[in-house]
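Biologist: I'm new to this, so could you show me how to read aromatic rings in a model?

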Amino acid sequence: MKSTGVVKVFAIALALVCAYQLIFTWKTNQIEGKAKAYAKGDKAKERAYIDSIAREPVLMSFTYLDCKERELNLGLDLQGGMNVTLEVSLSDLVLALSNNNQDPIFNKALANASEKLKTSQKDYVTLFGEAYAELSPSGKLATIFATKENKDKVSYTSTNAEVLKFISGEADQAIDRSFQILRARIDKFGVTQPNIQKLGNSGRILVELPGVDNPERVRKLLQGSARLQFWETYDNTEAFAYLQTANTTIAKLNAAKDMDDKKETATDAADSSKSSTEGLELLQTNKTASDTSKKSTDLTAAANDTSKAGKDSTDKKSQEQLIKENPLLYTLLIPATNENRTELVKGSIVGSALIKDTAKINAYLNTPEVLNALPSTIKFLWEAKGLGKNEEVLRLHAIKFSKTGGAALEGDVVTDARKDISQSGNVEISMTMNTSGARQWKKVTGGNIGKCVAIVLDDRVYSAPTVQSEIPNGHSSISGNFTTKEADDLANILKSGKLPAPTRIVAEAVVGPTLGQEAISSGFSSFAIALVLVLVFMGFYYNKAGWVADIALFVNVFFVIGVLASLGAVLTLPGIAGVVLTIGMSVDANILIFERVREEMGHHGKSLKNAVSEGYAHAMSSILDSNITTLLLGIVLYVFGTGPIQGFATTLIIGILTSLFCAIFITRIIFDNMLEKGRDVTFYRKSTQHVYDHFKIDFVGKRKLYYTFSTIIILIGVVFFVIRGGFNFGVDFKGGRTYVVRFDKTIPTTEVRQELGPFFDGKEPEVKTYGGSEQVKITTAYLIQDNSADAEAKVAAKLNEGLKKINPKYEIVSSEKVGETISGDIKSKAVWAVLVSCFIMFLYIILRFKKWQYGLGAVVALLHDVLIVLAIFLAFDGVLPFSLEIDQHFIAAILTVMGYSMTDTVVVFDRIREYLTIRNKSDLDTNERNTVINYALNSTLSRTINTSLTIFFVLVAIFIFGGETIRGFSFALLIGIVVGTYSSICVATPVVVDLEKKETK
C-alpha cells in the first residue's frame, strides 16, 4: 500500500489527540468518585469537596474546572436533569410595538399568525404580515406602528415591507434579550455545565440543566417576567462601615454556637478563605478585563493587593483566629480598595467574591441579626456578569432604597435604547424615556450627581454608571469602556422594560437520577455485549483476518469516543446506540474486502499477497458508495433532528468516517506487515470456506413472487391503519404530556387509566406498560393549550392526587411535555427528512450509475422499506409488550434503515454493473442478461448475509439490554435491517430489470 508512512503518522496523531481528550474525562470521573466516597450520600458535602479543589491543578496545569470543560459530556437522559425549550412570545412584542393598538383587523391578524405558527416553518413576523395582507389587502401597517416611540424608525409613509423589516429587527433583539436574561437566570440553579442555546431563527431557546431536582422552581424562574429597575446606590466609603457591622455581628453569632457548630464553621470558613485567595489570584490574571468603567480595573488591582494584606495578617495571627474575627470580610468578600491599600475606591462596588461563595455571603447578609444591625435602606446585589477566565468572580453593589421604599425608577419608562458613537469616537448607549419617566429621571439624576445609579434586571446589576449632571429631558448617554457587543447587550437590556417578550415553555423533559443511572447501565451493557458478539463472529468466520478486523474495531471505537470528546459533543442514550450500531457497520467494509480476497484466491487462483491487493482495490468502489450514502443520510438526520436524535446522528457520522479509515487503512497496514514477515493470513475456516458457493437462486425470475409478498404486507398495514384510525403518534408528534411512573407493585393499566380520568376533567389518559410490569407510561393532553406559568403545576397536582389514590408508593421517574407549536414543527421536519433523503439517494445513484432506472429502483426499495416497517408497527402496536409509537426515535430508525438498505443496494448494483461490463451487456439478450444479474446477486449473498448478521447481533443486544427508552427505536431498526436486506436483492434489482425491459421495448 502506498503512503503507508503518512497513514501511520495520521493514525498515531489521531490516537494521541483522542487519548489527550479522554484523559480529562478519566480525571473528572476519578475526582467525582472520591467526592462521592467522602460525602457518603450527602450532596452538600460532595459539592463542598468539589468546590474546595475546583481551581487547584489536578492534571498537569489543568484545574478540575478546566478538565470538566474538556470531558466527554453526557446527555440528560444519562445523568438526569431537565431539558426545556422556551418560545419567545413575539405576539406580545408586536402588540407592545403598536402601543397596544386595539384595531380589530390588526388583532385578528395577530391571532391568525399565532394559529398558523403551530404548523408552519415560517417565522412569526412573516406569518403576521401574510395574515394582515389577507384580512386587509390595502391596509397600511404604518398607521398602526407609526407611534411616538417609533417615530425615528417608522413614519406614516413607510411601506408594509419596511414596517415588517422594523418589526423583524425588534423581534431578533427580543430573542437576544430573552437569551441574555435566561443565561443570567440559570446561574441561580447552581448546576454543573448548564447549556443554553438559540435554536436557529425559530424564536426558541433550549435550556439544559443537569441534575436539577426541583422542576417547578425551574419553570417559575425561566418563565417569570423580566423586571428592569433603576436604583440609587450607597458609595463604597459609606457602605463599608455597614459591611464591618455585618462582619462583627456574624463573628459574634459564630462565637455563640456550641463546639460542634464551631468546628463545622471553622472548617467551612477555612475552605472559604482558601477559595477567596484563589479568587484573588484569578482576579490578578484579569487586571485588564474590559468593563463599564475605569473603576473595574482599579477594583481588580485593589482586590488583589488586599489579598497581600490578608496574608500579612495571617503571619501575625493564626489563620483560625483571622477567620473567627472576619467570617465575611477578607475571608469571603474582598473589599474594593485602591492599589496602595490606603483607601476605599469610590462607587457602588463594595467588594468581590467567587461565585461559589455568593450563596454563603447572601445567607450571612440576610440573617435576622445582620438585617437588624443594618439600616433598612440598604441592600446588596451582585453583578450579572462575572470576571476572570471562567467568569467566576462577581462584584457586589450597595443599593439604596428610595423614599418610597423601592427602586428610584421602573424600566417601563424607557422608550428606546441603542448603541451610539460619541464625538470622541467611543462606544456609548443612548437612552430615551417617556414624559413621565423624564420628570422622575430629572429628580433622580439631580439628587445623585457624582454617585452611581444601578441598572438592575431581575435583581442583577448590569451597569452602574456615575451621574455627571442632572438630565432634564429624558435623553441620556451611558459611556464607559464598552466593547461593541457589551454596548449592544446593555441597550437590549434597557429595552426589556418597555418591550416585554415573555417566554413560555413549549417543550420539556425531566429525567430523574434513577432513570439516568439505569440508562447508563443499560446503554453500556448493550455496548459490551454487542462488541463481544461481533468480535466472536468475525474471529470465527474469517479466522486470522477476522481477528485483524477485531483489532481495527477496537481502534475505531476508541477513535469515535475520542473524537466525540474532542468536538465537545454530548453522548446520549441514542448516541450510545449509534456507537453500538457503528460497531456493526464498521465490519461491513472488512467483510466486503475479505469476501473479495476469498474470491480472488478461490475463483481466480491468485497468491495471497496479490489477492489481498486485488481484494482491497475491487472492494473500494462499493465501500465508498455505501458509506457515502449512509453519511448523507446521517447529515440529513442531524439537520432535521433535535436533541437526542442529533446525538445519534453525530455519533453515526463520526463512526462512518472513523470506520472507513480503520477498515481500509489500519487493517491493510496489519496485513502488509504480516505478509512482509512471511506470516500466513487465513480468511476462512474449513467450516466457513464454501458456505455460500452453491447458492443459485433465480432472483429475477421470482420477482413477481417478491412483489406479491411485499404488497400483501403493505395491504395488511393499510387495513390496520383504517382499523386503528391512523398511526399511534408519540407525544412529540401530537403534543401533550407523558409521565413514566414506577409503582412498588404491578398495577393494571386499565385501573390507572380509569382512576386518573376524573382528575383530568373526565378525559382518560393513555396508559401503557413501560418496561417492567410495575412501570407505566401515562400520556395526556390535559391543559396542553394552557400557556400560563402555573399550568404544569396544575397538571402535576392532579396527577399526584390521582396516583396517591391508586397507590401511595410511586415515583415519577421522568416526564415530558411538547406543545402544539413544537409538535407540528417536529412532525413537519420528520416528513421533510424522509423526502429529502429519498431525493438525495435518487440523485446520488443516478450520478454514480449513469442511469435513471437504478435511481428509481433504489428509491422504490427505500419507500418499500418504510411502508413495511410502518405496516409491522401498525399490526403489532398494543400486541407486543413495549411501545410502538411513531415519534422522533422512529424517524431516526427509519432514516438509519434507509441508509443501511441503500448501502446494500449500492453494493448489489455495483456488482451487477461490474459483471455486465465484463460480459459486454450490449451483446446479451434478455435471458442472458438475467442470468448474469442472478449470478451477480448470488455472488453478493456472502457479504449481504454476513453484514446483516453482525448488525442483527448488535441490534438484538441493543433491543434486549439497551433499556426501555430506545426499545421501540431498536425494534424498528431490527425489522428494518431484515427488510432492507430483503429489498436490496428482491425489490431494487427486479424493479431495475423491469424498468430497463420497458425502455428496451
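Modeller: Y234 has 7% relative accessibility, so Y234 counts as buried (buried means under 20% relative accessible area, exposed over 50%, partly exposed in between, with a 1.4 Å probe and protein chains only). Keep in mind that this is a predicted model, where local features need pLDDT of at least 70, side-chain atom pairs count only at pLDDT 80 or more, and totals for chains, interfaces and linings use all residues. Residues are numbered from 1 along each chain as its sequence is written, and side-chain values use heavy atoms, leaving out hydrogens and water.

Biologist: How are the rings of Y234 and Y242 arranged?

Modeller: Rings of Phe, Tyr and Trp (its six-membered ring) pair if their centres lie within 6.5 Å; planes under 30 degrees apart are stacked, over 60 edge-to-face, and the rest tilted. Here the centres of Y234 and Y242 are 5.8 Å apart and the planes sit at 80°, so this pair is edge-to-face. Y242 is partly exposed, at 26%.

Biologist: What lies over the face of Y234?

Modeller: A charge sits over a ring if NZ of Lys or CZ of Arg is within 6 Å of the ring centre and within 35 degrees of the ring normal. For Y234 that's K400, 4.9 Å from the ring centre.

Biologist: Which rings are linked into a cluster with F537?

Modeller: Ring pairs join F537 to a cluster with Y541, Y542, F594, Y616, F671, F683 and F953. F537 is buried, with a relative accessible area of 12%, while F953 is partly exposed at 26%.
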